[in-house]
Amino acid sequence: MPYPAYMEESIRKVEATRAERLKKGPLPRIPEAEREALVNKFHPDYRKEEMRELKVGPNKGERTPREVADLLEGSSRIDPDKIDLGKVDYDVDVLVVGCGGAGGSAALLAEENGASVLISSKLRLGDANTIGAQAGTQAADRPNDSPAIHYLDIMGGGHFTNDPDLAEALAKDAPDAIRWLESLGVEWDKEPDGSYHELSGGGCAVRRMHSCRDYTGLEEMRTIRDEMRQRNMHGRKIDWLEFEPVIELLMDDRGQVAGAILMNLETKQMSVVRARAVVMATGGVGRTHIQGFPTTNHYGATADGLVLAYRVGCPLIHMDTMQYHPTGAAFPPQILGLLITEKVRTLGAELVNCDGEQFVHPLEARDTEASAEIRECKERGKGVTTPTGEVGLWEDSPMVDIIRGEGTIARELPAMVRQFARFDIDMIHKPMLVYPTLHYQNGGIKIKADASTLVPGLFAAGECEGGVHGRNRLIGNSTLDLFVFGRRAGRAAAKWIKEVKPGKLTLEHVRQWQRELKEAGLESMPVSPMLLPNYARGNRPVPGFVPLGEASEYTPFGDRAVRWI
Amino acid sequence: MAEVAEKEKVQMLDIYVMGKRYKVPEGLTIQTALEYCGYHIIRGCGCRAGFCGACGTIYNFTYDPTIRYALGCQKEIEQNMVITQIPFFPATEAEYTIEDLEPEEGENKLLTLYPDIITCFGCNNCTKTCPQDLEVMEFMAAAIRGDIKRVAELSFDCLICGLCAARCPQGLQPYNIALAARRIYGHYMAPKSQHNLNRVIEIEEGKFDAELEELKKASEAELRKRYAAREIESAK
Amino acid sequence: MPYPAYMEESIRKLEASRQRRMKGEIPLISSDERDIMVRKYHPDYRETGKRKLLLGPNKGETMPEELANQLEGNSRVDPDKVDLSKIDYDVDVLIIGSGGAALSAALLAQEKGAKVLIATKLRLGDSNTIGAEGGTQAADRPSDSPVLHYLDTMGGGHFENVSELVWAMARDAPMAIKWLEDLGVNWDKEPDGSMRELELAGECRRRVHSCKDYTGLEVMRVLRDEVRCRDNIDYIEFEPAIELIMDDKGRVAGAILVNLETNELSLVRAKAVIMATGGLGRLHTQGFPTTNHYGATADGLAMAYQVGCSLIYGDSIQYHPTGAVYPLQFVGILITENVRGLGGQIINIDGEQVACNLEPRDILASFEIRECTERHKGITTPAGNVGVWEDIPLIDMIHGEGTIARRLPSLVHKFSRFNIDLIHEPVLVYPTLHYQNGGVRMDANSATEVPGLWVPGEVGGGVHGRNRLGGNATLDIYVFGRRAGREAAEYAKEVKLGKLTLDHVRQWQRELEQLGIAKERPFSPMLLPNYARQPSDYLADLYTEKLQPGLVKLA
């Protein structure tokens with residue numbers, strides 16, 4: 001649906017101020033003191049009433065968003081007394097949980113280093129947040145750049161709360177990650193002479209973002225996925241189960257993580273996996289819709305890995321901070337929350353209010369940018385309201401072609417052009433309406449530089465781990481995180497399995513968990529992990545009704561379904 | 001998934017259900033294989049005996065992209081089969097009342113109801129999809145010619161599963177066209193059976209009422225006697 | 001898969017005895033002998049697998065266990081959580097089910113001016129009717145009469161039929177045939193237009209009208225199409241009824257439907273309800289396979305029972321003597337009685353005829369069971385099923401080459417898929433659960449004891465006594481379907497419904513609690529059998545939902 005008339009009026013104002021804005025350039029950056037005040041007042045992270053203190057587990061006493069706390073304090077989906085751990089369905093070296101960029105990298109590296117690998121994927125292999133990543137992957141590989149500068153950017157962006165070892169690992173491994181992906185066949189954007197075409201990003205001192213137009217994540221993911229498929233076809237020891245997420249980790253009687261219980265989403269059948277190492281790569285938390293925000297995340301981003309790791313005693317870090325991407329689509333409703341990559345602003349687009357006025361520098365760090373937008377709409381009342389009641393600001397995309405030449409947008413942002421064209425909006429010539437959208441989990445499972453967690457046998461990589469980005473991640477560092485720590489996790493897991501002495505499988509930690517919940521008065525919490533959001537209309541489950549699947553106490557055939565036709 | 005321990009070792013085959021791989025014992029049909037995998041079927045299951053067309057299934061093999069068709073309740077699974085089901089496929093149907101369908105002089109009623117039939121270009125996709133092995137293209141040709149009797153004859157075993165409509169590049173729906181043909185034939189064109197019409201009138205006139213009243217009132221013993229006394233016509 | 005080698009020997013013997021069998025016919029046994037046979041061998045008379053009902057109108061009577069569980073089942077709804085003021089559909093006549101009886105009722109009700117809603121569990125038309133092969137009885141030939149039809153039916157039912165119902169059926173039969181023909185059904189005819197009629201078991205005249213061996217399918221296609229063509233008939237698919245709604249005057253006044261896929265409930269307020277839910281084959285009584293379709297789970301019996309309708313001959317189940325036994329993919333499916341009507345004989349492992357092939361179904365089933373169990377003269381398949389031969393090739397020998405291909409095309413086609421050529425090879429058969437002889441007690445218009453509720457078709461009882469003849473089921477549905485449709489439409493014009501209530505559900509649950517059996521009984525109606533391998537372990541709901549302490553939920 002094209003813009004309704006009243007929104008067109010506002011667009012007229014945007015166009016009217018454009019010439020002036022092009023001449024004057026962007027507003028100056030906000031000074032640090034003012035920035036902090038802005039963020040403290042308007043950023044969703046600072047709304048105390050939307051958070052609560054955890055009552056159980058390794059992070060007891062710390063605050064986290066309500067929605068996340070509900071999951072972390074959830075009951076198990078299984079009754080340990082009803083699971084027969086003697087019947088192991090899969091016995092492997094490394095179980096990788098989740099299969100986005102991090103899981104895929106971990107799987108490939110673990111297999112290369114001699115491990116047999118099984119991947120548990122909740123949806124299809126490769127369905128992950130990675131696919132939707134548009135902008136690019138940072139790496140300090142140009143002469144005027146260095147991992148040290150990159151390190152500074154990472155730490156500064158994270159408000160200096162990052163774990164220095166992790167930030168170092170991220171910066172140092174970055175150029176190799178780019179090389180590795182290219183060796184698999186990823187088609188990075190290049191100049192005619194073969195050097196990478198690198199863009200600047202918010203909070204980065206130097207241009208170092210490697211991209212594949214605005215399909216970066218998709219390109220990376222399909223390449224990694226194909227590599228896994230090819231290796232599998234060649235009989236190498238890498239295999240996967242789709243639509244079978246992990247619902248509980250297994251431990252052994254030596255306190256090591258030793259496998260997992262999987263559930264087939266369609267048939268509810270469970271499988272027991274014994275593994276000498278488990279790599280958690282379950283991605284983000286967007287589908288919990290914290291504070292009711294829409295999200296850029298894919299369907300399966302429900303913080304499963306956080307829950308599973310928490311339950312076996314892994315502490316989490318920086319769980320009180322979430323990244324709201326400043327530019328999520330606010331119109332049309334079909335793409336509400338969809339990521340509008342920062343690259344658009346990198347290429348020159350400015351954010352303006354309903355009157356066409358700039359209100360913030362387009363490339364402030366994400367939390368700053370988002371807070372400024374929220375202030376503009378909530379306090380100053382200068383947002384644009386859509387027919388469905390969403391509010392947003394204009395991102396003046398037509399500036400890009402004006403600044404950099406006609407055809408720039410078509411060349412650099414083909415995905416975005418296509419997405420908006422579906423709805424009869426030509427974002428080359430008209431601005432887009434944007435608003436902050438829940439995008440990334442800055443923190444997560446605490447890891448060391450080799451991607452191992454504090455619980456032996458458990459590794460974590462990608463969005464689900466924390467400490468790398470501190471309290472705020474920079475553009476282009478997430479996709480980097482996946483490949484850096486994904487590969488490190490794969491290597492570390494492959495090394496671990498050679499040394500580990502596995503014990504006897506147990507679910508005692510689940511019993512213990514349920515006991516703790518009971519003591520804290522939490523035994524009637526909803527179960528977790530959540531697995532999938534439920535957007536089905538109407539009250540679920542239907543109150544007062546017993547659904548089909550619960551009906552028969554008896555099936556006349558037991559196991560021998562094959563008897564009946 | 002742990003395999004069911006059978007008395008003898010049963011060969012397990014790999015199949016793919018909407019892309020997801022499962023191991024199932026050989027000898028199962030597509031439908032019972034789905035149930036073996038753990039699916040409690042709601043859509044795509046009906047008579048379970050090859051009559052009602054609920055379980056239309058499309059399949060190919062991991063090594064062969066040629067698309068094939070079958071009824072899920074009849075077709076046995078094979079190694080590396082990749083299956084998906086279309087328990088419903090959209091197709092339009094003409095609106096009519098049977099009483100108003102008498103063909104006019106020289107009119108091809110099917111063409112009137114379904115004018116697009118003439119766009120059929122004889123690709124034979126429909127014939128290939130039919131799980132009843134009907135000569136669909138043949139009867140579509142008959143439909144174009146207006147040979148309603150032939151359409152009725154050739155299409156008789158149709159289960160209305162919808163697979164032919166799913167594959168017609170022209171968006172035609174042979175099964176609906178054939179249904180109209182058969183109804184028209186049955187109502188207007190098949191020779192009338194006079195004896196049945198006679199009997200209906202006799203009954204309405206009360207010809208048998210008295211005798212039946214008597215029987216209704218009869219005791220069981222009497223009834224048994226009358227029953228045993230019936231002369232049995234030969235089956236031939 | 002063609003027959004395994006070890007069966008070839010038996011087939012040889014069968015072929016060897018053919019000439020002899022063609023000449024001499026085993027006679028039918030007498031009524032008294034039949035009674036003895038049935039009592040000794042028929043599954044209905046087994047001591048095991050049954051129990052007495054503990055509550056409801058038929059309390060104290062013995063029923064097959066599976067059926068008893070359904071009849072005594074817990075409701076699927078908590079009446080206190082259903083808001084009866086939020087009605088989703090308000091109609092004159094609600095029809096539950098969409099087989100031959102339901103659609104006949106719908107058409108007649110519509111003709112009488114009623115606004116009709118059909119709610120069906122699977123697709124419109126998915127029913128046992130579709131799989132009916134043999135045909136429909138009607139005494140429309142000069143040498144025949146409804147009186148003879150009446151007698152045949154009474155005899156087949158062991159004289160326990162409700163005579164009023166049998167008369168209604170015999171009388172309306174020729175009209176039903178004509179009505180269907182006018183709608184466009186292609187009955188098999190001679191070139192001169194007269195109906196080609198077969199004789200089936202227990203009948204003294206050839207009076208079964210058929211459409212090759214697709215009779216049910218042919219009629220259903222036409223009825224389904226006609227329903228679609230008419231105004232004022234609406235239908236909802238994949239939404240079975242799970243509870244009847246009453247009014248405060250004790251009348252049936254609607255139903256609660258559930259969407260099988262989303263679990264959403266809909267409330268229907270209806271002046272009249274026609275329950276045409278068909279059979280109970282998928283309960284697999286006595287562990288038998290069945291010819292019935294996926295949805296045949298006795299839903300209507302359970303719902304009618306719980307509003308106070310009594311059942312008649314609820315314990316009488318028909319096991320069709322010729323259900324397929326091989327290959328495994330076909331276990332239980334129907335091999336039409338037409339085969340026997342055309343001359344196919346039942347043969348044991350030594351090539352000897354087991355019984356006269358036109359014995360009524362319960363008798364023949366009993367013979368076969370005796371042959372395989374007591375006399376050990378059955379043939380065992382690789383999967384462990386046992387059966388006897390049905391000598392199909394005999395038909396061409398009697399009637400001329402090409403008869404089988406012409407008269408039994410669906411059967412030939414089915415078995416050819418597994419490389420069995422029925423024109424030259426016999427088929428293995430054994431009794432299979434096929435029909436519910438009894439059902440909800442009804443009058444000649446299929447009205448029940450509870451006002452506002454009709455039960456035409458297989459779900460109604462009394463027409464067939466304790467054993468139905470071939471060709472009378474498909475007749476039953478059209479005759480009583482039409483009568484129900486007519487009467488319900490008339491009733492709907494007059495009735496003024498009171499206040500809607502689910503008190504009967506509360507009352508039912510209270511009784512179950514008082515008897516202390518609520519927790520042991522399943523929920524009913526069953527809706528669909530569950531053949532998914534392995535029941536789930538303890539597993540909480542997929543979505544974030546509060547788990548009550550101590551409550552085990554199956555996903």
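Strand β3 (residues 56–61) of chain B pairs with β4(B) in the antiparallel sense, and 5 bridges join the two. Within this pair, B:Y59 stands opposite B:R68 of β4(B). Do keep in mind that this is a predicted model.

Stepping back, the two strands belong to an open sheet of 5 strands in chain B, in the order β2-β1-β5-β3-β4 and with mixed pairing. Because β2 (20–25) and β4 (64–71) of chain B stand at the edges with a single partner strand each, one side of each is left without a neighbour in the sheet. From one strand to the next, the twist averages 30 degrees. Helix α1 (residues 30–37) of chain B packs on this sheet, where it touches β1 (12–17), β2, β3 and β5 (81–85) of chain B. The direction of α1 makes about 105 degrees with that of β2(B).

| Chain C with chain B | Value |
|---|---|
| Residues from chain C | 97 residues |
| Residues from chain B | 73 residues |
| Area buried | about 7500 Å² |
| Share from carbon and sulfur atoms | 55% |
| Salt bridges | 6 salt bridges |
| Polar contact (both at pLDDT 80 or more) | 34 residue pairs |

Elements of chain C that give two or more residues to the side touching chain B include α3 (31–41), α6 (146–156), α7 (163–183) and α8 (215–229). The largest share of that side, 10 residues, comes from α7(C). By class, the side of chain C that touches chain B has 40 nonpolar, 35 charged and 22 polar residues. As for a salt bridge you can look up, the side chains of B:R182 and C:E218 meet in one at 3.8 Å, N to O.

Key: Residues numbered from 1 in each chain as written. Chains lettered and ligands numbered in written order. Predicted model: local features only at pLDDT ≥ 70, side-chain atom pairs only at ≥ 80, totals over all residues. Heavy atoms only, no water. Contact = heavy atoms within 4.5 Å. Buried area = accessible area lost by both parts, 1.4 Å probe. Salt bridge = Lys/Arg side-chain N within 4 Å of Asp/Glu carboxyl O. Polar contact = N/O pair within 3.5 Å; in protein donor to acceptor, adjacent residues only side chain to side chain. Helix = DSSP H or I, 4+ residues; strand = E, 2+ residues; numbered from the N terminus. Nonpolar A, V, L, I, M, F, W, Y, C, P; charged D, E, K, R; others polar. Pairing = 2+ DSSP bridges. Axes fitted to C-alpha atoms, helices over the stretch in contact; angles between N-to-C directions.
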